[in-house]
Amino acid sequence: MELEALRKDMIAAMKAKDKVTKEAVSALIAAVKKAAIDEGCRDDIKGELVDKVILKELKTAKEQIDTDLKEEYQARYDIIAKYAPKQMDEAEIKAYIEEKFADVLATGNKGQIMKAVMGDLKGKADGKLINQVVAGYCK
């Protein structure tokens, strides 16, 4: 995802008077800009950074759904989810681990497996789901 695409969507939401979408996308843009400043790449924001921030904001919105403002945060989560990069599902994670990390799987050491796998799958799959899959191999 590129920052410019987020800006265009925010403008479209403003023109459509869609306050919820405008606020969610505006918050994403602000978070991306802050992360870019923190990383020292304020003028040249890469798509990977935008994706990383979107995933972080998606996780934050998901955690907030359980609060009293469930409807508001659910709407925000749904909007942010449209921009998030596709995440691997359980079957894809299993196939990837079996293909790339068969030697580490043979050890049965969960910590060693997680250390090897998380580096490759960070941002491509949910860490909790990866943990569940690895735990299944270590039983």
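1. The chain contains eight helices and zero strands. The structure under review is a predicted model. Read from the N terminus, the order of elements is α-α-α-α-α-α-α-α.

2. Overall dimensions and surface come next. The C-alpha trace spans about 55 × 40 × 20 Å along its principal axes. The chain has 139 residues, and buried residues make up 32% of them. Its accessible surface comes to about 9100 Å², and carbon and sulfur atoms contribute 51% of that area. Among contacts with a separation of 6 or more, 55% are between residues 24 or more positions apart.

3. Helix H1 covers residues 3–15 and helix H2 covers 19–39. Their axes lie 9 Å apart and form an angle of about 155°. Because this angle is over 145 degrees, H1 is roughly antiparallel to H2. The crossing of the two helices is left-handed. On the H1 side, the contact is made by Leu3, Leu6, Arg7, Met10, Ala13 and Met14. The H2 side supplies Thr21, Lys22, Val25, Ser26, Leu28, Ile29, Val32 and Lys33. Sorted by class, the contact of H1 with H2 has nine nonpolar, two polar and three charged residues.

4. When neighbours within four places in sequence are left aside, lysine 22 is in contact with Met10, Ala13 and Met14. Met10, Ala13 and Met14 are also listed among the H1 residues that meet H2. Between lysine 22 and leucine 3 the C-alpha to C-alpha distance is 14 Å, with 19 residues separating them in sequence.

5. Alanine 30 is another residue of helix H2. Its relative accessibility is 45%, so alanine 30 counts as partly exposed. Alanine 30 and leucine 49 are 19 residues apart in sequence, and their C-alpha atoms are 13 Å apart in space.

6. Most residues other than glycine have a negative phi. Lysine 17 is not a glycine, yet its phi is positive, at about 55°. The residue is found in the loop between helices H1 and H2. With a relative accessible area of 73%, lysine 17 is exposed.

7. How are H7 and H8 oriented to each other? Helix H7 spans residues 110–121 and helix H8 spans residues 127–137; they pack at an angle of about 140°, with 10 Å between their axes. An angle must be over 145 degrees to count as roughly antiparallel, and H7 and H8 are therefore oblique to each other. Their crossing is right-handed. The H7 residues involved are Lys110, Ile113, Met114, Val117, Met118 and Leu121, and they meet Gly127, Ile130, Asn131, Val134 and Ala135 in H8. This contact of H7 with H8 has eight nonpolar, two polar and one charged residues.

8. Helix H8 also packs with helix H5, which comprises residues 90–100. The angle between H5 and H8 is about 55°, and their axes are 10 Å apart. H5 and H8 are therefore oblique to each other, and H5 passes H8 in a right-handed crossing. The contact of H5 with H8 divides into seven nonpolar, no polar and three charged residues.

9. Aspartate 68 is located between helix H3 (47–64) and helix H4 (70–83), in the loop that joins them. Is this aspartate 68 buried or exposed? Its relative accessible area is 83%, so aspartate 68 is exposed. Aspartate 68 and lysine 33 are separated by 35 residues in sequence and by 29 Å in space, C-alpha to C-alpha. Lysine 33, for its part, is one of the H2 residues that meet H1.

Key:
Residues numbered from 1 in each chain as written. Predicted model: local features only at pLDDT ≥ 70, side-chain atom pairs only at ≥ 80, totals over all residues. Heavy atoms only, no water. Axes fitted to C-alpha atoms, helices over the stretch in contact; angles between N-to-C directions. Helix = DSSP H or I, 4+ residues; strand = E, 2+ residues; numbered from the N terminus. Parallel < 35°, antiparallel > 145°, perpendicular 65-115°, else oblique. Left-handed = near helix turned anticlockwise from the far one by under 90°. Contact = heavy atoms within 4.5 Å. Nonpolar A, V, L, I, M, F, W, Y, C, P; charged D, E, K, R; others polar. Buried < 20%, exposed > 50% of the residue type's maximum accessible area, 1.4 Å probe, protein only. Areas by Shrake-Rupley, 256 points an atom, 1.4 Å probe, with all protein chains shown as cover.
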